[in-house]
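The sequence and the structure are shown first.

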Amino acid sequence: MDNARIDQIIDKHQGEASSLIQVLLDIQSENRWLPKEALSRVSERLQVPLTRIRQIATFYKAFSLVPKGRHAIHICMGTACHVRGAQRVLDKVQDLTGIKPGETDLDLKFSLETVNCLGCCALGPVMEIDGKTHGKISPAETADALKKYE
Amino acid sequence: MSKIMLTIDGREVQAQEGMTILEAAQSVGIDIPTLCRHEKLEPYGACRICTVEAENKGWTKLVASCLYPVEQNLVVRTRSEKVDRIRKMILQLLLSHAPDARELQDLAKEYGADKDRFEKEASFCIHCGLCVRYCAEVKKKNAVGFVNRGARREISFIPEIASKECWNCKECFPLCPTEALQAAYILTEALISSSPSFTT
């Protein structure tokens, strides 16, 4: 992500320091992570110290300071999903992708996260990829689901 | 500026509007322990060790005296069974992070806090924010800040700024109630882990 695009995003928010989180969210959703250079640029333009930006960027889970994969896998480990075998789904996905929760593979294809509830307990165990919900999924079916993503 | 009368530990105290309980107490020589306070910095209310009982119209509440503004006819108790118990607990929790800090040990002696009450998790930092705030408010360099949150919250230097500013300043080191261990340690770590061009 180059400075021109970052400037565009900042201008969209009138260069207001109070829009810092919105600016960061926009960069995050477009770039999937917040590179150091981007934060320096934001700091310069919004006149907010880098320490403050870093404090906010590390506080909220929506932000990432490391590159994330093209597809975000969320596996629900809530109670309902847990009793229906979420652990086995997670194990299988870890096997298939070769990454643990919180990690991203080397090709930047997948990022894996566990969550504590996705709000659709009747569909447990639930796996969500890029916001698309795969409900009542068996460990074997995860392979088919993952194959669809490039 | 109107005058406000309040009672602190049974003594009548006259204070200016806008003063905090802590300032009013200090003006008549009543001592309230503090850890995150510094006269050059804005009150922060992080350590809660200055907690006192404040009674107004029969209602008693526990407040951080470094932040709570004085009120007319407020009755403040800086030492009571409840206050002592709270300070003791806070000290025990802080000591599990910084068991060797002399400032904490002195207070622990006074309040009977046991440094082994909780399992040690020596991070040395008690999150008083003195270094962070001093750098931001007094030096205006913002070389050090907090990162992460909750149990994983810690202070961290920005190597690019720290390598330029910190070696000639280091004014935050003596401020640290846990004796600068953390500040020195993390500064070094930040400088070593950054690329070679930043270490000079």
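In this predicted model, R45(A) forms a salt bridge with D11(A), and the closest N and O atoms of the two lie 2.8 Å apart. The pair links distant parts of the chain, with R45(A) in helix α3 of chain A and D11(A) in helix α1 of chain A, 34 residues apart. R45(A) is partly exposed, its relative accessible area being 29%. D11(A) is also partly exposed, at a relative accessible area of 46%.

A further salt bridge is formed by the side chains of D7(A) and R41(A), at 2.8 Å from N to O. D7(A) belongs to helix α1 (residues 3-12) of chain A and R41(A) to helix α3 (residues 36-46) of chain A, so this pair ties together parts that are 34 residues apart in sequence. D7(A) and R41(A) are both buried.

In chain B, the side chains of E171(B) and K139(B) meet in a salt bridge of 2.9 Å, N to O. E171(B) is located in the loop between α5 (159-165) and α6 (181-193) of chain B, and K139(B) in the loop between α4 (130-138) and β6 (144-147) of chain B, so the pair ties together parts 32 residues apart in sequence. E171(B) counts as partly exposed, with a relative accessible area of 32%, and K139(B) is likewise partly exposed at 27% relative accessibility. Returning to chain A, salt bridges that share partners join D7(A), D11(A), R41(A), E44(A) and R45(A) into one network. Over all chains, the whole structure holds 17 salt bridges; four of them are listed below.

| Salt bridge | N to O distance |
|---|---|
| R45(A) and D11(A) | 2.8 Å |
| D7(A) and R41(A) | 2.8 Å |
| E171(B) and K139(B) | 2.9 Å |
| E160(B) and K36(A) | 2.7 Å |

Is D26(A) buried or exposed? With a relative accessible area of 17%, D26(A) is buried, because buried means under 20%. Its side chain makes a polar contact of 3.1 Å with the side chain of K12(A). Apart from neighbours within four places in sequence, D26(A) is in contact with I9(A), K12(A) and H13(A).

Between the two chains, nine residues of chain A are in contact with 13 residues of chain B. The size of an interface is often given as the accessible area lost when the parts come together. Here chain A and chain B bury about 980 Å² between them, and 53% of that area is on carbon and sulfur atoms. T51(A), R54(A) and F59(A) supply 49% of the area that chain A buries against chain B, more than any other three residues.

The two chains share one salt bridge, which joins E160(B) to K36(A). Five residue pairs are in polar contact between chain A and chain B. Helix α4 (residues 50-59) of chain A gives the largest share of the side of chain A that touches chain B, with six residues. By class, that side has three nonpolar, three polar and three charged residues.

Chain B contains six helices and seven strands, which run β-β-α-β-β-β-α-α-α-β-β-α-α from the N terminus on. Its C-alpha atoms fill a box of roughly 65 × 45 × 25 Å along the principal axes. Of the 200 residues of chain B, 46% count as buried. The accessible surface of chain B comes to about 10,700 Å², with 51% belonging to carbon and sulfur atoms.

Conventions: Residues are numbered from 1 along each chain as its sequence is written. Chains are lettered from A and ligands numbered from 1 in the order in which they are written. This is a predicted model: local features need pLDDT of at least 70, side-chain atom pairs count only at pLDDT 80 or more; totals for chains, interfaces and linings use all residues. Side-chain values use heavy atoms; hydrogens and water are left out. Buried means under 20% relative accessible area, exposed over 50%, partly exposed in between (1.4 Å probe, protein chains only). A polar contact is a pair of N or O atoms within 3.5 Å; within protein, one must be able to donate a hydrogen and the other to accept it, and residues adjacent in sequence count only if both atoms are side-chain atoms. Contact means heavy atoms within 4.5 Å. Buried area is the accessible area (1.4 Å probe) that two parts lose on being put together, summed over both. A salt bridge is a side-chain nitrogen of Lys or Arg within 4 Å of a carboxyl oxygen of Asp or Glu. Helices (H or I, at least four residues) and strands (E, at least two) are DSSP runs, numbered from the N terminus. Ala, Val, Leu, Ile, Met, Phe, Trp, Tyr, Cys and Pro count as nonpolar, Asp, Glu, Lys and Arg as charged, and the others, Gly among them, as polar. Accessible areas come from the Shrake-Rupley method with a 1.4 Å probe; for residues, only the protein chains shown count as cover.
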